[in-house]
Amino acid sequence: MDSTEELAKILFQHQHGFIITKIMSTACELGVFDLLLESGGFLSSAEIAERLGTSHMGMQRLLEVCVGSKLLRMERKDNEGFYGNTDLANLFLAKSSPKSQYQYTRFFADFLYSGLQNLTKAVREGKHQVPLLFDTSEKNIYTNFCSSEERLQGFQNAMEDAWSLYGQEVISAFDLSGFHIVCDLGGGSDAFAKQYISLYPNSTVTIFDLPEVVENAKKSSLFSEEYRINFQSGDFFNDPIPEADLYILARVVHSWDDEKCLALLKKLHKAGCGVLIVEMVLNEDRSGPLAAHIFSILLLIVLEGKERTASEYNALLGAAGFKDVQFKKGQLLDAVYGRK
């Protein structure tokens, strides 16, 4: 059994975890990690504050807590602290890194942080709190995202960061080289599609998403045709979907209840040969992983869906007509693959 001291440490970490999130996001927003990466070394708190246009006192406190959080390193010279990035900050928090999670971090801190204030109400009622999040009567979160170009771009940027980190792993979980015509349903930007094409360069990918999403994505995807990627707008529940051999549902199925998911999967079974689902999959005894439970709570606040176990995905795909269903565990995201 853990000692009282150890239990108190765990309690403190849980009580103050949301503050760490905001500290990391604030350092991102102010450009701390970018400046230190560009400098290639260590800078004093006074120099960092001056170059980023902040107060010295406020910056020094932010830098010190970032050191304690292992986001920064500190070296002391002549009784003065000099600060530099850790490997974590260089790899994930500086904007210029190919694996940067800057936009993802900002989106979670700025949008979902405030949304969690409605968690108690969501638990009591057992339904999402989208109208409160957006201060509107509209209940569909995607409609609310699409109503603001800035909000939609923030969401798209966050997903692009996620795919830069986890896309290759889930795409390479199975041999998909036999599929040459691919459709990424609800794919948003071309971030996931580019990861797919980099692994299967002889394939073409059509991203099928809502008109507002496609319009926004095209603005930042000027060279997608060179990557064998194109866009088509529509609603995959109500409109005809593009013809394809393989359909991809990456972080899509968890958004909806079983009835809607089954209807969509039956539609895909009729239209193509295979489907690749990318989600966080719960253990069969629902004991974890923690990341899946955290996202399940987020889904409770913003959507109708849920995270599922491998057997629940197997049942959905089987009911839709897919016979050969396989599952591969990933570092964070998992892959479920079904064929006719």
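Which residues does Asn216 touch, not counting residues up to four places away in sequence? I looked this up first, taking contact as heavy atoms within 4.5 Å. Asn216 touches Glu149, Leu152, Gln153 and Gln156.

A note on ground rules: this is a predicted model, where local features need pLDDT of at least 70, side-chain atom pairs count only at pLDDT 80 or more, and totals for chains, interfaces and linings use all residues. Residues are numbered from 1 along each chain as its sequence is written, and side-chain values use heavy atoms, with hydrogens and water left out.

Next I placed Asn216 in helix α12 (residues 211–219); helices are DSSP runs of H or I with at least four residues, strands are E runs of at least two, and both are numbered from the N terminus. Asn216 is buried, at a relative accessible area of 5%, where buried means under 20% (1.4 Å probe, protein chains only).

Then I turned to strand β3 (residues 80–85). Five of its six residues are buried, so the rest of the structure largely encloses β3. Strands pair if DSSP finds at least two bridges between them. I found β2 (residues 72–77) running antiparallel to β3 with six bridges, and Glu75 stands opposite Phe82. β1 (residues 43–44) also pairs with β3 in the antiparallel sense, over two bridges, and Leu43 has Tyr83 as its bridge partner.

Last, I checked the turn. The hairpin of β2 and β3 has two residues between the strands, and Asp78 in the turn shows a positive phi of about 55°.

Key. Buried means under 20% relative accessible area, exposed over 50%, partly exposed in between (1.4 Å probe, protein chains only).
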